[in-house]
Amino acid sequence: MKKSFWKKLILGQAGKKFSAWQIELTSRCPLRCRMCNKEDYKNFPASDMSLDHFQKLLPYLRDVESVVLEGWGESLLHKNLIECIRLAKKEGPRVGFVTSGKGLNEAYISELIQAQVDFIGFSLAGATPETHNAIRVNSNLQELLRHIQTFQEIKARNRRTHPRFHIVCLLLKENILEAPSLIRLAKDLGIDEVVLINLIHVTNAWQEQQKVFAGKSMEGFARILKEAEAKAREWKINLRRPSLSLGEVAVCAENPLSNLYISTEGEVSPCVYLNPPLPSPYKRIFQGTEFQLEKVQFGNLFRQPLEQVWNEARYVEFRNAWEQRKKRVQDLAASLLTRDNIRRDERDSLPNAPSPCQTCYKRLGV
C-alpha cells in the first residue's frame, strides 16, 4: 500500500464531501488486549448493527471516499460483514477494516476476497508469539500469520490484487524493541505497508506506564524506530510511524473536519475516542491526571438525516474550533514567506481545540 493510499484515506479526493467514515458493525470482541479501554470494564457492552440499520447509511456513502467497517469490536464476528462490504462498495467508496483475524478460516477468507474488499489491516502487538500473545490476550500470532499466508495464497491462485494488506501495531514499551523485526515479518508475509500507532486512550496505571512518547526513554525509542525505518527503506516497505514528541497540531490525525465515526447504535461522533461503548462518564488518564469524560454524540443517522446531524449547532461549533486552528497555521505559513522568522509565542498560540479534545494526545500530534 503506497503513501498515496493513506493520503486519500485521510484527506480524501476532490469531489467527495467526506474523506472517511468509520462504521462500527459490532462492539463484540473475543480478545482482552491489555491496551484496550475495556480492561477496566469487565462487563463491556456488546452490540451489533443490524443489516436494516446499515442499509440506512448506504445513500450517504456515495459522498464518502473510504469506509472503514470497524470500531471497538472485531468486525469478523458480524454475521453480515460480507453483505455489508458488498452493499457499501456498490455506492462507490473503498471499503475495508482492521482485524485481529479471530474467526478466520479458508472459507471466510475466500468470501472476503470474492466480496472485493479493498483493504485489510492486521493488528499485531509484536513480531514474536511471546510478545504478541501476552499483550493481545486470547490472540495467537502463529494462527494469525497462517491466516495471512492463506489470504496471500488464495489471492495468488485467483490472480487477485485485492484486498491490499497492511500491519497495524500499537507501540508499547513491551513491544517497541520488536519494531525492526516487524518490518522483516511484513516482508516475509508479502505485505508492503506497516502502520505504527501510539497509545491514545489511557485508562489505567499499566497503560500509563506503557506509553512510548514524551518520556525519559523517548530518545532510545526514537533510535529503534529509525532502525525500523532503515529496514523499511531497504525492503521497500512503506512505514508510517507516529511522532514521539508532544506538540500542538492544527487538526488532529482523526481529521474531524471531513471524517466521522458511527457507532453500532447509529450515533455520530467525530472519532472513536470520543464515543467508546462505555458507561458515561468514562475514565481517561491524560498526562498523569485522571478525567471523567462525557461521551460526544451529535445525532443519530438511524433516526435523523445526515444534513440535520452534520449541521447540528454543537457539531458546527466543534468543527469550527478545528477550522480556526487550521487557519491560524495557514496564516503563520503565509507569514513565514514574508518574514525571516516566526516568534515561538506566535507558533504556539493556536486557538483552543474543542473542549472534549483537550485531554486527547491526538491534539498533541502523537
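Asparagine 255 sits in the loop between strand 9 and strand 10 (259-262). Strands (E, at least two residues) and helices (H or I, at least four) are DSSP runs, numbered from the N terminus. The model is predicted: local features need pLDDT of at least 70, side-chain atom pairs count only at pLDDT 80 or more, and totals for chains, interfaces and linings use all residues. Residues are numbered from 1 along each chain as its sequence is written, and side-chain values use heavy atoms, leaving out hydrogens and water.

Asparagine 255 counts as buried because its relative accessibility is 10%; buried means under 20% relative accessible area, with a 1.4 Å probe and protein chains only. Its side chain makes a polar contact of 2.8 Å with the side chain of serine 258. Such a contact is a pair of N or O atoms within 3.5 Å, where one must be able to donate a hydrogen and the other to accept it.

Nine strands form an open, mixed sheet in the order 9-8-7-5-4-3-1-10-11. Strands 9 and 11 stand at the edges with a single partner strand each, so one side of each lacks a neighbour in the sheet. Two strands pair if DSSP finds at least two bridges between them.

| Edge strand | Residues |
|---|---|
| Strand 9 | 238-240 |
| Strand 11 | 268-269 |

Strand 8 (residues 193-197) runs parallel to strand 9, joined by three bridges. Glutamate 193 has asparagine 238 as its bridge partner in strand 9.

Helix 7 (residues 179-189) has buried residues, including Leu182, Ile183 and Leu185. Just after helix 7, glycine 190 takes a positive phi of about 75 degrees.

Key:
Buried means under 20% relative accessible area, exposed over 50%, partly exposed in between (1.4 Å probe, protein chains only).
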